[in-house]
Amino acid sequence: GFTESLNTLRHTFTHAEVMGRARSVVGWVLLTALAVLLCCPAALSSLDEEHPDSDTEHGESHEGNETGFHIVTFRWEHVQAPYVIALWILVASLGKIVFHLSERVTSVVPESALLIVLGLILGGIVWAADHTASFTLTPNVFFFYLLPPIVLDAGYFMPNRHFFGNLGTILMYAVIGTVWNAATTGLSLYGIFKTGIMGHLQAGLLEFLLFGSLIAAVDPVAVLAVFEEVHVNEVLFIIVFGESLLNDAVTVVLYNVFSSFVAIGGENIEGLDYFKGIVSFFVVSLGGTAVGIVFAFLLSLVTRFTKHVRVIEPGFVFVISYLSYLTAEMLSLSAILAITFCGICCQKYVKANLCEQSITTVRYAMKMLASGAETIIFMFLGISAVDTKIWTWNTAFILLTLVFISVYRVIGVVIQTWILNHYRVVQLEIIDQVVMSYGGLRGAVAFALVVLLDSQHIHERRLFISTTIIVVYFTVIFQGLTIKPLVKWLKVKRTQQKEPLLNEKLHGRAFDHILSAIEDISGQIGHNYLRDKWTNFDRKYLSKLMMRKSAQVSRDKILSVFRELNLKDAISYVSEGERRGSLAFIRSSSDVNVDFTGPRHSVVDSSVSALLRESTSEVCLDMQAIENRMKSGKDREETVTHHMLQQHLYKPRKRYRLNYSRHKLAVRNEGEQQDKEIFQRTMKKRLENFKPTKLANNYTTKFRNMKKERAAKKKHSDAVSNGKIPAHSVSFHVNKDSDVEDHYDPSDGGISFLITPARNESDEPISGFNNPGFSTEEDDSTFQMTPPWVSNEETVIPSQRARLQLPRSPTNFRRLTPLQLSSRSIDSFLLADISDEHPLSFLPESSM
Amino acid sequence: MGSYSSHLSKIEDLQGIIQETGFTKAHICRLYDRFEELDKNNKGTLSREDFQRIGELAVNPLGDRIINAFFPNEKQTLDFRSFIRILACFRPTAKDKTADPNAPEPINSRTNKLRFAFQLYDLDGDGKISREELIQVLRMMLEAQVTDDQLESITDRTIQEADLDGDGAISFEEFRKSLENINLEHKMSIRFLQ
């Protein structure tokens with residue numbers, strides 16, 4: 001019977017495919033088909049025990065069974081559990097892919113809602129297949145495996161400044177707000193129940209309060225999932241999200257208190273128990289936080305000494321954080337608080353201690369785990385709902401719960417905000433309050449908690465579960481769907497995705513100092529005062545203790561922003577250059593990479609000398625000189641930049657050195673020397689490649705003159721000269737820390753490229769097109785590969801216009817790359833072709 | 001507060017101060033207490049030395065500059081009125097819906113907050129932050145490990161970023177422009193205790 005239905009299903013799908021509808025439909029079909037495939041082994045193993053191999057797909061193994069010796073055996077049971085898990089993860093992830101095929105859908109419907117619907121569908125299929133709900137979200141799996149990555153991610157990437165800046169507000173909402181929600185919802189439901197509208201329920205006040213406490217808490221997973229797509233301003237986000245994280249302690253305590261009260265029975269509760277409940281709140285919350293901080297300390301300390309085990313470095317972050325979670329759980333403290341604070345506290349030191357690659361690894365792994373867990377949670381929230389055993393309907397109870405949680409959330413937010421606004425520097429406006437009320441999403445935590453209820457004591461467990469599911473669906477799907485339009489309609493301040501500006505960072509720092517000074521002067525201990533004290537303490541003791549010696553140097557934020565900006569420029573500079581096939585674009589007056597041009601040229605007085613000095617001293621690709629300079633402290637950043645640049649340059653292509661050691665990943669392990677060398681070689685090669693492209697024999701002198709003129713005038717000249725390009729790249733790459741100057745004297749001794757034996761002098765560049773810079777092979781290969789047009793000494797001098805234009809045309813660029821593919825150079829051919837009076841009219845002029 | 005009224009009677013032109021600064025009576029009272037606390041010799045005015053005695057201010061990298069900001073135009077003393085006027089600059093800015101174009105600019109306006117910060121940089125008071133001036137401030141704020149070269153590069157880059165008219169210095173207008181996206185109401189405001 002099952003196989004038949006399966007076939008019918010497949011038939012339907014094939015039919016749909018034949019219809020040839022939109023891509024997304026096909027995607028859906030594929031996905032559903034996969035889901036079917038997924039369920040069938042499970043279903044088969046449970047239902048068709050006698051014919052385990054009836055499915056045709058496993059035919060081969062069937063034959064294998066009959067011989068004496070099994071070459072191949074089919075051992076489904078052997079792998080079943082992990083296999084099913086892996087397939088579910090795959091399905092969920094594929095689901096995500098499918099959702100994003102259509103941008104229109106994901107821009108309107110939040111992913112979490114889509115996943116729940118997907119889960120419902122899959123659950124339906126599973127249900128249709130074997131009439132049992134074999135896959136549900138069990139509290140165990142949820143709390144032990146799915147929740148920690150999400151919360152750790154939240155803590156590790158927590159914007160600490162915003163978080164601690166609004167900590168008071170967050171705590172207020174998290175503690176008072178949650179208690180308020182729990183109490184009012186529970187009591188109101190109980191009150192209504194007393195009127196008899198809900199019919200007969202086997203529940204007393206304590207049961208209602210228990211339900212209220214588990215349904216009260218705003219859920220971090222749901223909030224994250226929805227708010228991440230909404231992009232409200234940071235303050236608003238951190239308040240709602242922080243609340244959802246920190247209310248865990250309250251939820252845990254309320255839940256534990258009431259469920260134990262229910263267990264011992266209302267009449268046996270003594271006054272002392274209430275007192276214990278309150279005490280346990282402080283123990284659970286502060287204890288959880290303390291556990292988190294202790295583990296963060298451990299983690300920071302450990303990462304300080306991982307220099308020689310770089311490969312497993314990222315592992316520490318995850319393992320120790322996870323241990324903090326488990327430890328708190330073991331001590332029955334708030335595990336969420338523990339792992340959140342572990343992430344919050346360790347982030348600074350871990351980021352300082354780990355090497356660049358490990359940080360990236362941690363970042364991506366964490367995002368992957370969190371996003372994966374989130375996906376699975378929502379999908380399973382959908383799947384779990386398809387189970388007749390948990391459903392029971394009580395219209396009044398369910399509807400009233402929905403009404404109460406919404407209404408009391410609004411009331412709670414308004415009251416608390418009113419109080420808080422007396423103490424806040426930045427007032428929370430009505431609009432913010434609306435979003436905060438509306439953002440009170442309930443989610444998987446509530447579901448897991450309600451499933452955890454003991455049906456022995458809680459007779460209405462099924463009703464509670466059904467209601468929780470409805471509430472979760474309502475908040476995630478309905479509110480999740482409508483919050484975006486609401487935010488838009490209310491014109492809530494959004495986050496601006498903008499580049500960090502050095503000015504902002506710098507003056508921001510000054511503002512901090514000013515504010516703390518003003519607090520000192522006015523003699524009050526305020527937020528700025530505390531922050532200032534903390535920064536000092538951190539710098540004096542904590543950083544010294546938990547950061548590597550090397551990391552302690554210049555960890556200044558301003559410096560890192562500066563570095564970041566330069567890096568970004570560098571990367572965009574190079575990639576833009578690559579894209580356009582030259583670095584010529586930099587001289588064009590178009591708006592790319594303004595940072596290198598523009599006002600810098602008009603700096604008249606003070607910088608002229610600096611520029612000239614830099615151009616003579618720093619434009620130097622002599623290996624020895626650079627290595628000497630590398631040893632000086634200043635070049636530490638350069639090395640970092642070099643490293644990043646070099647990574648950027650190499651990565652899309654081939655890995656430069658294959659290292660088969662399991663313990664050594666990248667050359668970086670060996671120190672940065674190798675990196676530098678590679679970088680320098682690449683740069684030289686690239687410069688060399690650009691140079692002959694641009695410089696013609698007759699051009700050099702002209703160029704030189706022009707340079708002088710420019711140096712004198714210091715004016716941004718529109719006469720875009722190709723000749724400057726090598727200079728540009730030279731100064732740029734070597735001199736990343738300082739500003740990039742564009743003054744270059746080709747006769748300057750510092751520039752001696754001299755790499756390719758086939759070439760003579762840097763001052764006497766060979767024209768002709770040699771462009772292997774775009775195929776990043778080992779240097780050696782470049783050396784050996786002497787392009788035909790170089791070896792036969794035939795120089796083709798492109799016209800100035802061609803030289804100007806050719807390299808920056810993207811269409812052209814494609815033609816330039818496949819050097820090695822043809823024995824005859826198309827490029828030189830092309831160049832020769834257009835050499836004189838054919839100004840390449842087919843090329844776009846936009847970049848001029 | 002027991003000494004509430006006795007304090008208030010000591011303050012001259014209380015209404016004027018309230019009007020000008022927007023502080024409440026309780027604020028003013030508390031700040032007056034503080035003023036007297038700082039005024040070690042009961043001169044009725046504060047001197048630079050009074051400020052320098054504040055321990056936290058001494059470790060503040062910009063401490064000296066900030067003290068100087070309280071003593072504009074080479075003045076050597078600071079009376080309460082000026083004291084509170086400068087502090088008022090850091091009051092949170094209220095979202096004023098009924099913005100009256102004719103009304104005088106409130107003392108805690110965005111421009112005034114910016115101006116306070118700007119004058120910390122602009123040592124010679126020529127209305128421009130020159131490269132040297134910026135380097136000086138940066139040197140104070142950045143950690144000692146930052147080398148001079150880095151410092152200069154950062155300075156150049158900062159000027160380049162903000163300098164719109166290309167004179168190699170940051171004017172107040174450019175300063176304001178470069179901080180356009182900064183929520184100054186947040187970043188340059190503190191909540192004064194009552």
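A:T468 is buried, with a relative accessible area of 0%. This threonine sits in helix α20 of chain A, which spans residues 461-490. Leaving out residues up to four places away in sequence, A:T468 touches A:F211, A:L214, A:I215, A:A446, A:F447 and A:V450. Keep in mind that this is a predicted model. Over all chains, the structure holds 13 salt bridges, and a few of them are picked out below.

**Chain B at a glance**

- Chain B is built from twelve helices and two strands.
- Reading from the N terminus, its elements go α-α-α-α-α-α-α-α-β-α-α-β-α-α.
- There are 194 residues in chain B, and buried ones make up 50% of them.
- Take the contacts in chain B with a separation of 6 or more: 57% of these are between residues 24 or more positions apart.

**A buried isoleucine in chain B**

- B:I84 belongs to helix α7 of chain B, residues 80-88.
- With a relative accessible area of 0%, B:I84 is buried.
- What does B:I84 contact, once neighbours within four places in sequence are set aside? The list is B:I17, B:T21, B:F23, B:I28 and B:L31.
- B:I84 and B:H27 are 57 residues apart along the chain, yet their C-alpha atoms are separated by 9.8 Å.

**Salt bridges in chain A**

- Side chains of opposite charge can pair when their charged atoms come close.
- A:K96 and A:E111 form a salt bridge, with 3.1 Å between the closest N and O atoms. A:K96 comes from helix α4 (residues 76-101) and A:E111 from helix α6 (residues 111-130) of chain A, so this pair ties together parts 15 residues apart in sequence.
- Both partners are buried: A:K96 has a relative accessible area of 17%, and A:E111 has one of 11%.
- A:K276 pairs with A:D273 in another salt bridge, the closest N and O atoms being 4.0 Å apart. The two are three residues apart in helix α13 of chain A (residues 271-304), so about one helical turn separates them.
- A:D273 counts as buried, because its relative accessibility is 18% and the cut-off for buried is under 20%.
- A:R161, A:D512 and A:R531 are joined up in a network of salt bridges.

**A salt bridge in chain B**

- B:R131 forms a salt bridge with B:E152, and their closest N and O atoms are 3.6 Å apart. This one links distant parts of the chain: B:R131 is in helix α9 (residues 131-141) and B:E152 in helix α10 (residues 148-162) of chain B, 21 residues apart.

**Surface patches on chain A**

- A nonpolar surface patch of about 660 Å² is made by A:V403, A:V407, A:I411, A:I415, A:W418, A:I419 and A:Y423.
- One of its members, A:I419, lies in helix α17 of chain A (residues 395-420). A:I419 is partly exposed, having a relative accessible area of 33%.
- There's a positive surface patch too, formed by A:K533, A:R539, A:K540 and A:K544.
- A:K544 is placed in helix α22 of chain A, residues 527-546.

**Positive phi values in chain A**

- A:H231 isn't a glycine, but its phi is positive, near 60°.
- Where is A:H231 found? Look in the loop between α11 (220-230) and α12 (234-264) of chain A.
- A:H231 is partly exposed, with a relative accessible area of 38%.
- A:S332 also has a positive phi, about 50°, although it is not a glycine.
- The place of A:S332 is the loop between α14 (313-330) and α15 (335-353) of chain A.

Conventions:
Residues numbered from 1 in each chain as written. Chains lettered and ligands numbered in written order. Predicted model: local features only at pLDDT ≥ 70, side-chain atom pairs only at ≥ 80, totals over all residues. Heavy atoms only, no water. Patch = residues over 30% accessible without salt bridge, like charges linked within 9 Å, V, L, I, M, F, W, Y side chains within 5 Å. Areas by Shrake-Rupley, 256 points an atom, 1.4 Å probe, with all protein chains shown as cover. Salt bridge = Lys/Arg side-chain N within 4 Å of Asp/Glu carboxyl O. Lys, Arg positive; Asp, Glu negative; His and termini not counted. Charge placed at Lys NZ, Arg CZ, Asp CG, Glu CD. Helix = DSSP H or I, 4+ residues; strand = E, 2+ residues; numbered from the N terminus. Buried < 20%, exposed > 50% of the residue type's maximum accessible area, 1.4 Å probe, protein only. Contact = heavy atoms within 4.5 Å.
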